[in-house]
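Please look over the sequence and the model below.

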Amino acid sequence: ATEDRSVVGITAAMPGGTGMDIFGRRFPKRTYDVGIAEQHAVTFAAGMACEGLKPFCCIYSTFLQRGYDQVVHDVATQNLPVRLILDRAGVVGNDGPTHHGCYDLAYLGCIPNLTIMAPADEIDLKNMVMTCAAFDDGPTVLRYPRGTGYGAEKLQKLFGFKLENGEIPAKGEVIPIGKGRIIRRPGGVNGETSGNRRGRERKDRIAILSFGTRLHEALVAANEVEEMDSSLGVTVADARFMKPLDVDLVRELVDDNSIIITVEEGSIGGFGDHVLHFLTLDGALDDGNLKFRPMVLPDTYFETATQFEQYEQAGLNSEHIRGTILRLAKRVNVPVLTESD
């Protein structure tokens with residue numbers, strides 16, 4: 001915003017939660033709080049985009065539902081470069097069931113012209129904000145969770161980042177639209193695969209394709225699985241984008257692995273379904289040599305609790321990802337319930 005005077009911020013009575021209050025103190029003449037009127041916020045942003053401004057419309061994921069018609073008719077149909085910034089995507093802890101951002105991937109994923117992305121860490125959050133600012137060819141959606149970042153030490157140790165002077169960059173950089181990344185290959189995030197015998201056969205190779213916040217848990221699960229069974233090799237990829245989907249990355253994972261697991265912090269109908277739809281149309285499931293499992297938020301409402309407790313209830317922590325891998329790789333026996341049980 002300091003470098004581009006066309007950047008404006010809009011929110012609907014959520015300045016503190018979305019951080020628009022910080023932006024507003026720095027740029028009061030470029031900040032607009034329309035009150036509890038999400039429909040107006042979206043149409044207001046569309047009008048600004050028509051006039052050449054770069055609106056960032058910052059709304060909680062759960063409350064953008066109120067502006068759904070405006071997203072379709074006033075933004076997407078006209079392919080206007082509105083930046084929809086969705087705070088509190090996923091479970092939100094003590095805010096309770098009305099505030100969980102569970103459905104945005106399902107209700108936005110079906111709309112043409114939208115580019116939908118989700119960061120897995122604070123560095124990619126900065127990168128995606130910059131990417132949205134630079135993208136003028138249509139509307140973008142950036143969903144991010146409630147909470148704090150991981151810090152430089154964990155980003156380097158678990159995620160494999162190589163940070164200059166061990167510090168998180170102050171500014172993000174534009175990333176390619178629709179391109180994911182492989183974070184970890186069998187043996188660890190640094191690709192230390194020489195000399196190990198992990199996943200020598202395709203049946204022993206597993207890929208976790210994460211979208212958004214569950215990448216941390218996917219990496220933890222991958223480490224735990226390889227510690228438990230030296231014959232298994234686990235690859236972890238960060239999709240970054242749901243639309244457009246990185247089909248080259250998906251095909252690479254399919255070619256190299258016999259098991260694909262998608263993990264997301266959203267309801268059924270979201271990222272996993274988009275991947276499954278592509279796999280079906282691409283013929284990846286035709287010969288029966290690929291096992292696919294989506295891990296999503298269950299079909300229920302989450303009452304007030306800590307976010308960790310809600311992830312436990314949802315079955316999206318590392319232990320649940322680890323268990324899914326071991327079951328699909330036939331490393332554990334799963335009891336079968338009978339009528340007598």
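**The cavity**

- The count comes to one cavity of 30 Å³ or more, where a cavity is, on a 1 Å grid over the protein atoms alone, a set of points where a 1.4 Å probe fits but cannot get out.
- The largest cavity has a volume of about 40 Å³, a volume being the space filled by probe spheres set on the points, with grid points joined across faces, edges and corners.
- This is a predicted model, in which local features need pLDDT of at least 70 and side-chain atom pairs count only at pLDDT 80 or more, while totals for chains, interfaces and linings use all residues.
- Residues are numbered from 1 along each chain as its sequence is written, and side-chain values use heavy atoms, with hydrogens and water left out.
- The largest cavity is lined by A89, A118, P119, R143, Y144, P145, G212 and T213, where lining residues have an atom within 4 Å of a point.
- Five residues of this lining are nonpolar, two are polar and one is charged; Ala, Val, Leu, Ile, Met, Phe, Trp, Tyr, Cys and Pro count as nonpolar, Asp, Glu, Lys and Arg as charged, and the others, Gly among them, as polar.

- The largest pocket holds about 1000 Å³ of space, a pocket being an open set with protein on both sides within 12 Å along at least five of seven lines.
- Its lining has 31 residues, of which A1, F23, F56, V129 and M130 are the closest to its centre.
- Helix α7 gives the largest share of that lining, six residues; helices (H or I, at least four residues) and strands (E, at least two) are DSSP runs, numbered from the N terminus.
- The second largest pocket holds about 540 Å³ of space, and among its 20 lining residues P145, R146, G147, T148 and G149 lie nearest its centre.
- To the lining of the second largest pocket α12 gives the most, with three residues.

**The pair α9 and α13**

- The axes of helix α9 (residues 215-228) and helix α13 (residues 318-328) come within 8 Å and cross at roughly 50°, with axes taken as lines fitted to C-alpha atoms, for helices over the stretch in contact, and angles running from 0 to 180 degrees between N-to-C directions.
- The two helices α9 and α13 are therefore oblique to each other, since angles under 35 degrees count as roughly parallel, over 145 as roughly antiparallel, 65 to 115 as roughly perpendicular and the rest as oblique.
- By class, the contact of α9 with α13 (heavy atoms within 4.5 Å) has eight nonpolar, one polar and three charged residues.
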